[in-house]
Amino acid sequence: MSIPILTIVVPCYNEEEVLPETVFQLSEVLDSLITDQLVAPNSTVLFVDDGSKDATWSLIERFHLSNPFITGLKLAKNAGHQSALLAGLLKAKAYSDCVVSIDADLQDDTSVIREFLVKFHEGYDIVYGIRQDRSADTFFKRATAQGFYKLMTSLGVKIQYNHADFRLMSKRTLDNLEKFQEVNLFLRGLVPLLGFPSTQVYYDRKERFAGESKYPLRKMLAFAFDGITSFSVTPIRLVTVMGFLLFALSVVAAIYAIVGKFLGANVTGWTSLILSVWFIGGVQLLAIGLIGEYIGKIYKEVKQRPLFVIEKELTEGAAQEQASATSQANQPASARR
């Protein structure tokens, strides 16, 4: 096997505090991998700015000028973590043999990337980074995260336990990932569906180096719900089961009322009536809301709007395209015909 070209894709949103250290650590990792001939000398780090409001893009531009490893991609607006990550993966696959995705906060151990490459050379197309120690997380975040993975598994979703988006993927896996034209994007569920040879590498999760988490409770819950409804119809089936149970209860209640009427034991009660109405009404609204969520996802899929819009590129390919366009523009009109 020839020495592969590696691109490390790093989605960023308001990461100006941690970005210099991220650049330093990833540059050292690449330099070490190149020295040991695990990756080619033209391997790079691709930072994807997901519509940051701080100086993140300015820093990427500055590091691009001073560090040969650093390239950049700027999205026109905030598209969300998964869309920004996908934008970087699809851009990188055009000139890379393998791609590693990692968050900018340095909670994932950058030294593990070497183990990813060793597994890639052994023939694995996908290498998952699995968190074996989450002691750096708060008790609440650790408990909710692990509960999410267990819930997804119980609903029949094929997902790697304690794995986020720290992974290596080969070019052919990314070529096939591009065929999934889903608007409701949940990469942690999509990647295992590819079915290529895969393995796991375990590491200890660190504390965030600087800045604040971009996933507060509200976003975490929305992300979890989006993942569940994008990959499982079990919630709708549970509503159906609930409907059957309520129907059975209503039959029992009807029999009880009829028997009571004939025995003369009925006592008219406002409380029992209003509670039953509220209960059934609440279940109906819950069911309608859940079905509406799935219909909303169908609505988004049918429109097929792009997941992201690229505003600027700081990559070798972009520079070549710009140079070619400039050269053609400077040619005489007769030469351009």
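Gln 37, which comes after helix 1, has a positive phi, near 60 degrees. The model is predicted, so local features need pLDDT of at least 70 and side-chain atom pairs count only at pLDDT 80 or more, while totals for chains, interfaces and linings use all residues. Residues are numbered from 1 along each chain as its sequence is written, and side-chain values use heavy atoms, with hydrogens and water left out.

**Helix 1**

- Helix 1 covers residues 19-35, and because its 17 residues at 1.5 Å a residue should span 24 Å (1.5 Å times one less than the number of residues), the 24 Å between its end C-alpha atoms agrees.
- Its buried residues (under 20% relative accessible area, 1.4 Å probe, protein chains only) are Leu 19, Thr 22, Val 23, Gln 25, Leu 26, Ser 27, Val 29, Leu 30, Leu 33 and Ile 34.
- Those buried residues pack against strand 1 (6-12), strand 2 (44-49), helix 2 (56-66), strand 3 (70-75) and helix 4 (113-121).

**Whole protein**

- The protein has 12 helices and 8 strands, taken as DSSP runs numbered from the N terminus (helices H or I, at least four residues; strands E, at least two).
- Of its 337 residues, 42% count as buried.
- Among contacts (heavy atoms within 4.5 Å) between residues at least 6 apart in sequence, 82% join residues at least 24 apart.

**Confidence**

- The average pLDDT, the predictor's confidence in each residue from 0 to 100, is 79, and 74% of the residues score at least 70.
- Over residues 318-337 pLDDT stays under 50, and the model has 4 contacts beyond four places in sequence for them.
- Where pLDDT is low, the predicted coordinates should not be read in detail.

Note on methods
Buried means under 20% relative accessible area, exposed over 50%, partly exposed in between (1.4 Å probe, protein chains only).
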